[in-house]
Amino acid sequence: MAQDAGIDTPTADGGSGDGALDGGGVRRRDFINIAAVSAAGVGGLAVLYPLISQMAPSADVLAESSTEIDLAAIQPGQAIKALFRKQPLFVRNLTAEEVKKATDVDNNASEFSTLRDPATLAERTKPGKQNWLITMGVCTHLGCVPLGAGPGEEMSRGAFGGYFCPCHGSTYDTAARIRKGPAPRNLEVPPYEFTSDTIVKIG
Ligand code: FES
């Protein structure tokens, strides 16, 4: 007759027939095996948990993964510096003249062809919001913070009216495109969206 695995049948002399039985009929050897497997399982979990908890983003990283900025107080011609993922962010309200300066380049094929990192102002802003130039404030040469967005830096925006990095002379225009100096690329435009007319969510 078939027997349940791990359950022994007592012999006629009252013995176990295969080692000692405990009161419930489970062999001691089986108990030792079960205990060993259980300990291995706990050990496995103990190792796994720190690995999983290291992989999960911490609360402060999650909190900084997006930033909301109220644009209402930023007047045309003004800019502010903010922080996005621990890096400087420039938010600038371009004047009509600054928008025109950028789009004049876009509409002039020979001048546009001289851009080191070609992109139009429309491609670097949102439709209907071309005056809002939102970029990282990190020079693409060696990572310095260019002048032009901080308080009192309006006169330090360089020959193209955008931003100027005094470290090695990188000069950006009013679409934050690199126009002169060693920086290889335009100031980066982060992912963002307008959640209302005056609130922008970065990230
Ligand atoms: S870091 Fe900006 S020009 Fe070198």
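Cys165 stands opposite Ser170 in strand 6. That pair is our way into this predicted model, where local features need pLDDT of at least 70, side-chain atom pairs count only at pLDDT 80 or more, and totals for chains, interfaces and linings use all residues. Residue numbers start from 1 along each chain as its sequence is written.

**Exercise 1. Work out the sheet around Cys165 and Ser170, starting from their strands.**

Step 1: Helices (H or I, at least four residues) and strands (E, at least two) are DSSP runs, numbered from the N terminus. Two strands pair if DSSP finds at least two bridges between them.

Step 2: look at the pairing. Strand 5 and strand 6 (residues 170-173) share four bridges and are antiparallel.

Step 3: The order is 5-6-7 in an open sheet, with antiparallel pairing. Strand 5 (161-165) and strand 7 (178-180) each have a single partner strand, so one side of each lacks a neighbour in the sheet.

**Exercise 2. Which residues have the most contacts inside the largest nonpolar core?**

Step 1: define the set. A nonpolar core is a set of buried Ala, Val, Leu, Ile, Met, Phe, Trp, Tyr and Cys residues joined through C-beta atoms within 7 Å. Buried means 20 or more other C-beta atoms within 10 Å of the residue's own, exposed means 12 or fewer, and partly exposed is in between, with C-beta atoms placed from the backbone.

Step 2: pick them out. The core has 26 residues, and Tyr163, Tyr172 and Ala176 have the most contacts inside it. Two or more residues each come from strand 2, strand 3, helix 3 (96-106), strand 4, strand 5 and strand 9 (199-202).

Step 3: zoom in on Tyr163. Leaving out residues up to four places away in sequence, its contacts (C-beta atoms, placed from the backbone, within 7 Å) include Pro146, Leu147, Arg157, Tyr172, Ala176 and Leu187.

**Exercise 3. Sort helix 3 into buried and exposed residues.**

Step 1: Glu98, Ala102 and Val105 are buried. Down the helix axis they fall within an arc of 55 degrees, so they line one face of helix 3. That arc is taken from the directions from the helix axis to the C-beta atoms.

Step 2: Ala96 and Glu97 are exposed, on the face turned away from the buried side.

Step 3: the cover over the buried residues includes helix 4 (109-112), helix 5 (121-124), strand 5 and strand 6.

**Exercise 4. Where does pLDDT stay under 50?**

Step 1: pLDDT is the predictor's confidence in each residue, from 0 to 100. The protein chain averages 81, and 68% of the residues score at least 70.

Step 2: residues 1-27 stay under 50, with 26 contacts beyond four places in sequence. Residues 34-55 also stay under 50, with zero such contacts.

Methods. Contact = placed C-beta atoms within 7 Å.
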